[in-house]
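Student: I have a model open and would like to go through it with you, one topic at a time. Let's begin with a ligand.

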4 protein chains.
Amino acid sequence: MRERDMQPDHLVTVADFQEASRHAISEPAWDYITGGSGDEITVRANTSVFEERRILPRMLRETSSIDTRTTILGAESGKPFAIAPMALQRLFHPEGEIATARAAARNDIPFSLATLSSIEMAKVVEHGGQFFFQLYWLRDRGLMAEMLAGAETFGCRAVILTVDAPPLGHRLRDVRNGFRLPDDVYPANIVSEDDEAAESLRDSVDLTFDTSLNWDDLEWIKEHCSLPLVIKGLLHPDDARAAVEHGADGIVVSNHGGRQLDQAVTSLEVLPLIREAVGPDLELVLDSGVRSGRDVLLALARGADSVFIGRPALWGLAVAGADGVSQVLGILEAELLDAMSLSGTRTIAEAKELAVW
Amino acid sequence: MRERDMQPDHLVTVADFQEASRHAISEPAWDYITGGSGDEITVRANTSVFEERRILPRMLRETSSIDTRTTILGAESGKPFAIAPMALQRLFHPEGEIATARAAARNDIPFSLATLSSIEMAKVVEHGGQFFFQLYWLRDRGLMAEMLAGAETFGCRAVILTVDAPPLGHRLRDVRNGFRLPDDVYPANIVSEDDEAAESLRDSVDLTFDTSLNWDDLEWIKEHCSLPLVIKGLLHPDDARAAVEHGADGIVVSNHGGRQLDQAVTSLEVLPLIREAVGPDLELVLDSGVRSGRDVLLALARGADSVFIGRPALWGLAVAGADGVSQVLGILEAELLDAMSLSGTRTIAEAKELAVW
Amino acid sequence: MRERDMQPDHLVTVADFQEASRHAISEPAWDYITGGSGDEITVRANTSVFEERRILPRMLRETSSIDTRTTILGAESGKPFAIAPMALQRLFHPEGEIATARAAARNDIPFSLATLSSIEMAKVVEHGGQFFFQLYWLRDRGLMAEMLAGAETFGCRAVILTVDAPPLGHRLRDVRNGFRLPDDVYPANIVSEDDEAAESLRDSVDLTFDTSLNWDDLEWIKEHCSLPLVIKGLLHPDDARAAVEHGADGIVVSNHGGRQLDQAVTSLEVLPLIREAVGPDLELVLDSGVRSGRDVLLALARGADSVFIGRPALWGLAVAGADGVSQVLGILEAELLDAMSLSGTRTIAEAKELAVW
Amino acid sequence: MRERDMQPDHLVTVADFQEASRHAISEPAWDYITGGSGDEITVRANTSVFEERRILPRMLRETSSIDTRTTILGAESGKPFAIAPMALQRLFHPEGEIATARAAARNDIPFSLATLSSIEMAKVVEHGGQFFFQLYWLRDRGLMAEMLAGAETFGCRAVILTVDAPPLGHRLRDVRNGFRLPDDVYPANIVSEDDEAAESLRDSVDLTFDTSLNWDDLEWIKEHCSLPLVIKGLLHPDDARAAVEHGADGIVVSNHGGRQLDQAVTSLEVLPLIREAVGPDLELVLDSGVRSGRDVLLALARGADSVFIGRPALWGLAVAGADGVSQVLGILEAELLDAMSLSGTRTIAEAKELAVW
Ligand SMILES: Cc1cc2nc3c(=O)[nH]c(=O)nc-3n(C[C@H](O)[C@H](O)[C@H](O)COP(=O)(O)O)c2cc1C
Ligand SMILES: Cc1cc2nc3c(=O)[nH]c(=O)nc-3n(C[C@H](O)[C@H](O)[C@H](O)COP(=O)(O)O)c2cc1C
Ligand SMILES: Cc1cc2nc3c(=O)[nH]c(=O)nc-3n(C[C@H](O)[C@H](O)[C@H](O)COP(=O)(O)O)c2cc1C
Ligand SMILES: Cc1cc2nc3c(=O)[nH]c(=O)nc-3n(C[C@H](O)[C@H](O)[C@H](O)COP(=O)(O)O)c2cc1C
């Protein structure tokens with residue numbers, strides 16, 4: 001890559017932002033975003049499965065106007081993608097979640113508030129936009145009930161229960177880097193600034209989270225919160241079926257970006273099996289590996305209703321705060337529009353009919 | 001590659017010309033020829049799908065004389081290939097389209113006049129040869145009618161309507177290079193020398209072209225021109241079927257050399273499905289990725305009647321004008337003759353019967 | 001890999017130990033552990049077949065406690081893996097088999113005593129633990145009978161008859177290195193310190209071993225030893241069937257770590273065919289290529305009851321004796337626990353039900 | 001590769017000889033042996049198809065004695081391989097064909113006398129051994145009749161008619177190297193020392209050979225020669241069937257080592273189809289890509305009765321004349337014996353029953 005490509009106006013792909021962010025933050029922080037668990041087999045597979053797919057475009061379809069509007073888990077969205085729940089964003093930029101959420105709002109897409117947000121939920125929602133609340137199953141039921149109440153109060157559209165963690169995956173880059181949270185970055189929804197920090201993120205998660213989570217616990221959430229309940233982190237068709245049976249309102253098909261079980265199957269591969277298992281009506285969001293507007297289109301064509309964007313947003317955040325996130329989202333949108341018009345796909349509905357090789 | 005391989009008499013493959021042309025023109029111009037859209041996944045796939053195929057040659061077939069004569073879209077041709085429509089060839093050599101067309105005539109194959117030719121159609125045809133006229137769907141119907149009338153007058157054998165553009169694919173090399181047309185290179189069939197240039201090729205295309213093109217518009221062309229009508233840029237078997245239904249006289253199965261939708265399927269992969277969709281009689285031309293005489297043979301064996309040669313001709317043009325194009329065409333012919341005699345294939349008809357792994 | 005990764009507390013994967021051991025022992029000794037026969041096609045395939053597999057994890061399964069206890073060939077084991085029989089371990093560390101056996105005991109897994117042990121069986125078992133005895137078919141029946149009697153006396157749980165050698169595979173690294181045993185390392189169960197050494201390991205094996213081994217010989221072993229009899233080195237389903245018919249109590253599906261027939265199929269690939277051939281009840285151990293806890297899980301999911309760990313233990317031994325082996329076993333255990341809880345697999349029985357792509 | 005590996009006693013694989021021969025003869029001569037036609041896609045595929053296969057060895061089969069004896073095209077042979085017909089061997093060593101033939105005899109395998117031998121047939125056979133005579137279809141019928149008579153007189157076991165040439169494949173290395181025969185190397189069966197040399201090997205072949213060869217011409221050969229007639233160079237099952245119908249006594253399944261049609265299918269891939277086409281009885285020899293004793297075994301397991309060794313013999317010849325060839329043949333034999341005993345394969349008949357993945 002040439003020198004000038006590293007200047008903001010030469011960042012024309014998500015890969016450019018990935019590369020540029022390397023120089024914007026410390027190596028351990030960059031590794032924390034970019035890496036995954038184990039040998040990162042799933043991390044690599046997540047992107048290569050997208051690259052291996054081929055589209056059979058349709059022609060002569062009058063594509064003067066493309067409409068990307070849709071709803072995602074009950075939220076209106078200008079595009080079929082939203083920001084994935086991601087912890088501790090002040091690690092990557094002083095404005096953290098607020099910057100990312102503002103970019104989301106500016107680009108007319110929803111933002112996912114994470115249990116492990118480094119800025120309190122209440123402060124993030126102040127800046128406007130559409131929100132989901134991502135819940136981790138905590139030992140402290142009171143705290144969970146409080147957060148769920150907050151989510152309702154703050155107008156979140158859905159609760160997304162992440163079920164593929166804890167425990168946290170074994171992320172070797174973090175181990176090798178001796179990666180630890182700086183004193184001023186902490187899960188603000190859970191602890192206050194003065195709490196003593198745990199030995200490592202993994203330890204702290206082990207202390208706070210409850211690994212006894214099972215299907216029956218969904219009932220408890222429904223009792224404490226009237227928002228639609230979405231399960232994030234399913235990959236097995238039988239689990240997808242169980243989600244339907246237990247009254248889930250949607251599923252995020254996800255391997256957590258390759259950060260949990262290494263050698264987990266990729267979302268894109270299992271997606272059609274999951275769509276088949278749940279039938280045409282249940283809402284399916286895909287994440288893990290989406291790096292371009294084409295990838296968004298491919299996910300829709302394979303059975304998703306929309307996708308979550310993970311790392312690309314954080315690379316943008318690291319490079320230039322809200323503006324960086326916004327540029328990344330702009331790239332994804334432009335690429336999606338391009339791919340839709342070049343494949344004769346005028347609406348999200350048509351995107352779902354697209355033939356993929 | 002050794003030093004001397006870069007000298008004209010050591011250019012023995014199309015790849016040699018690709019490499020040599022790198023030193024003959026500016027890097028942005030070379031990138032404009034060689035590159036494609038997005039991550040160039042389709043660009044790479046276009047050549048690798050040819051390389052992965054294997055031929056089951058036939059032996060003991062008396063190959064003393066090989067006959068490569070055929071017709072392509074109504075034109076007589078000494079070989080089963082013709083020059084693809086390619087815009088703005090004065091970017092690569094001062095004699096531009098005239099040089100390429102003369103080389104085509106000299107090698108007894110047809111040349112495709114492009115809507116975006118950098119030399120007016122009238123001036124190109126003066127030098128003799130057989131021609132097709134490639135049409136882009138323009139906002140200005142009067143201009144289109146004029147061009148179609150010209151195509152008829154100048155004895156073109158067919159009108160080739162390109163349907164996989166606009167909009168232009170997002171070509172990142174051009175974006176990174178800040179690629180712009182020099183003042184003296186412009187689409188001579190459309191604008192005159194004094195017109196003010198648009199910001200970029202992409203912008204100018206967006207201004208001039210009409211993205212509302214659909215199947216019904218074929219009728220308008222047929223009304224304004226009695227030449228056979230060929231559709232260029234189809235990849236989906238259903239679109240091929242629609243082309244037949246709407247009275248098309250032929251199809252160019254093409255992904256525009258990977259310059260439009262990135263991750264579009266390759267022509268060679270879908271070809272058998274398209275042949276099956278349209279039946280044995282409709283004329284099919286393949287392009288995108290043909291780099292050797294063997295590739296020509298493979299395309300015929302998989303269901304094409306002939307192929308279009310794109311970039312190889314331009315690399316030849318850049319290296320040595322008409323002579324360079326002629327050498328490239330000579331290489332393709334020699335390789336085709338070789339492959340035909342070594343596989344026991346004496347005629348184009350036998351080539352279509354060849355078994356491919 | 002960064003400098004400090006080479007320090008014991010930065011060795012966090014088996015690959016780290018492989019790399020670190022390179023600096024701990026002589027190159028020929030390291031090559032002897034690490035290499036295989038011929039072009040090492042099977043050596044490479046052994047690890048790549050594991051990397052290519054994908055797991056479909058199950059969620060919401062309440063994984064607070066994971067139980068890895070199982071039995072392996074009649075021995076109680078804290079984890080579903082044991083140390084494979086490996087010859088001449090004093091080549092890699094002065095404490096040789098004693099160090100490895102002690103680490104096994106400390107980690108609550110069984111250890112396989114090899115016919116070609118560089119420390120007499122009697123001395124190894126002194127240090128406690130659970131043992132198998134691995135038998136090579138020797139020309140000297142008296143010596144074999146003695147060793148079998150010893151195995152019984154010392155409380156071994158099973159006799160493992162290795163049938164994929166002799167002759168030894170042609171290991172080109174050893175040939176190129178002119179690898180020879182140092183004077184003080186010799187097969188202590190077979191020769192005494194003062195015996196004259198053979199020209200090479202291969203020659204000595206050819207002298208000592210009997211290649212006339214066939215199915216009928218199993219009878220002889222059963223007559224001389226009441227321990228369960230396990231066949232190590234089968235890869236063909238018909239051989240697995242024959243093993244059952246000849247009364248084998250278990251099979252180690254193994255290609256000897258790619259050290260015998262190069263281009264032999266991998267254990268992981270044939271495993272399901274072998275399971276199908278022998279039915280659900282016969283105990284199957286897999287070895288060859290296991291490098292992580294995930295690999296252990298994959299082997300169980302594909303039909304194994306447990307696995308043998310080969311080279312990883314020796315790399316650990318080379319780096320830091322019993323402690324090194326112990327660290328390697330600790331890594332495997334931690335990775336297995338991780339993979340089990342992240343895939344919703346709470347017991348060895350559930351591991352065997354895991355869906356693999 | 002380390003320094004000393006280049007010394008004769010460190011050449012332990014065919015690849016070692018390939019590498020060592022690079023330094024023993026001129027680069028153009030080495031390229032002439034090693035290269036192939038076009039982009040050498042078939043050259044590379046020829047070896048990779050062998051590397052990708054996996055063997056399912058059989059165990060407990062009593063392999064104390066392995067018998068590799070067999071017959072090849074009517075000749076007794078100590079091993080299931082023979083030397084392929086290869087032109088002009090004095091290019092690589094002053095003793096040329098005589099050296100190679102002597103090494104073959106010394107190793108108890110047959111040698112193929114080539115039409116284009118650089119030493120007259122009569123002089124080669126003087127040194128003893130078993131021979132085949134390879135025939136190219138020449139314009140000069142009188143000369144062919146003479147050579148066939150000679151083959152009979154000299155006790156050749158079979159006539160091998162090569163049908164995949166002429167014309168010669170387009171070998172780009174030779175073109176780039178401007179490769180030409182030195183004055184003292186010429187096809188001694190065809191021209192005498194004083195004949196004026198043609199411009200290039202390809203030209204001379206074009207002048208001498210007759211491309212009108214077809215199935216009916218087999219009759220002429222049978223009339224002029226009572227030896228068994230074998231067809232070399234078939235790859236299509238229909239051609240194999242035709243060979244049977246026209247009374248061929250055997251087939252050499254071959255793509256001429258990737259020197260004729262580039263992108264021709266590999267012999268190993270089509271072999272089972274050809275075996276199926278001709279039934280169990282017709283003798284099939286395979287060549288193209290055999291580089292180890294394992295490859296010999298794989299070819300037998302896939303349906304061949306024996307194989308021809310091409311380039312490996314010439315690399316040996318270039319390194320050390322008859323001794324070099326002999327060493328190469330010794331390596332192949334040792335590897336074959338190894339692979340047979342490690343896979344429980346005691347005879348050529350059992351080798352043909354071996355299961356391959
Ligand atoms: C730095 C980082 C932190 C994350 N934190 C959370 C989290 O707290 N909760 C959660 O459900 N997922 C979390 N994820 C996973 C994302 O929600 C999402 O599943 C994943 O990033 C998608 O893959 P991608 O990064 O390849 O797009 C995190 C991901 C990253 C990269
Ligand atoms: C520089 C360049 C300009 C092109 N311009 C046009 C054009 O104006 N109209 C058109 O239909 N196709 C155009 N094409 C696409 C070609 O007609 C053809 O589809 C493509 O080049 C075939 O792929 P290949 O280059 O791999 O042979 C252009 C291609 C190139 C390389
Ligand atoms: C240095 C070394 C020595 C070995 N010696 C023996 C042996 O004496 N007997 C035996 O049955 N297997 C022996 N093996 C094979 C192992 O038991 C086991 O099958 C193999 O190492 C498993 O593959 P892995 O190393 O990839 O885990 C040996 C392996 C190695 C690496
Ligand atoms: C230098 C060279 C010369 C050859 N000359 C002939 C020949 O004169 N006649 C023939 O039938 N095959 C000829 N061959 C092809 C061989 O007989 C054989 O088919 C081929 O080498 C087998 O492939 P391999 O080299 O990969 O083993 C030649 C091959 C080489 C490498």
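Student: What distance separates an oxygen atom of ligand 2 from a polar backbone atom of B:Gly310?

Tutor: That distance is 3.1 Å in this predicted model, and it falls under the term polar contact, a pair of N or O atoms within 3.5 Å; within protein, one of the two must be able to donate a hydrogen and the other to accept it, and residues adjacent in sequence count only if both atoms are side-chain atoms. Residues are numbered from 1 along each chain as its sequence is written, while chains are lettered from A and ligands numbered from 1 in the order in which they are written. Since you will want the limits as well, local features need pLDDT of at least 70, side-chain atom pairs count only at pLDDT 80 or more, and totals for chains, interfaces and linings use all residues, with side-chain values taken from heavy atoms and with hydrogens and water left out.

Student: OK, and which residues come nearest to ligand 2?

Tutor: B:Pro85, B:Thr162, B:Asp287, B:Gly289 and B:Arg291 come nearest, out of 21 residues around ligand 2, where a residue is near if one of its heavy atoms lies within 4 Å of the molecule. From B:Pro85 a backbone N or O atom lies 2.7 Å from an oxygen atom of the ligand, and an N or O atom in the side chain of B:Thr162 is likewise 2.7 Å from an oxygen atom of ligand 2.

Student: What about ligand 4, which residues are the closest there?

Tutor: Ligand 4 is surrounded by 21 residues, the closest being D:Pro85, D:Thr162, D:Asp287, D:Gly289 and D:Arg291. A nitrogen atom of ligand 4 is 3.2 Å from an N or O atom in the side chain of D:His256, and an oxygen atom of this ligand is 3.5 Å from such an atom in the side chain of D:Ser254. A polar backbone atom of D:Gly310 is 3.1 Å from an oxygen atom of ligand 4.

Student: Switching to the chains: what rotation superposes chain A on chain C?

Tutor: A rotation of 90° with 0.0 Å of shift along its axis does it, with an RMSD of 0.0 Å, so the two copies are related as by a four-fold rotation axis. The superposition is by least squares on the C-alpha atoms of residues with pLDDT of at least 70 in both copies. The residue of chain A that comes closest to this axis is A:Glu52, whose C-alpha is at 11 Å.

Student: And how many residues of chain A are in contact with chain C?

Tutor: 39 residues of chain A are in contact with 31 residues of chain C, contact meaning heavy atoms within 4.5 Å. Between them the two chains bury about 2,900 Å², 57% of it on carbon and sulfur atoms; buried area is the accessible area, found with a 1.4 Å probe, that two parts lose on being put together, summed over both. A:Arg176, A:Leu261 and A:Gln263 supply 28% of the area that chain A buries against chain C, more than any other three residues.

Student: How many salt bridges are there between chain A and chain C?

Tutor: The count is five, a salt bridge being a side-chain nitrogen of Lys or Arg within 4 Å of a carboxyl oxygen of Asp or Glu. In one of them A:Asp238 pairs with C:Arg58, the closest N and O atoms being 3.9 Å apart. A:Asp262 forms a salt bridge with C:Arg294, with the closest N and O atoms 3.5 Å apart. A:Asp262 lies in the loop between strand 9 (250-253) and helix 11 of chain A and C:Arg294 in helix 12 (residues 293-301) of chain C, so the pair joins two chains. Helices (H or I, at least four residues) and strands (E, at least two) are DSSP runs numbered from the N terminus.

Student: Last one: how far apart are the nearest C-alpha atoms of chain B and chain C?

Tutor: They are 22 Å apart, and these two chains do not touch; chain A and chain D do not touch either, their nearest C-alpha atoms being 22 Å apart.
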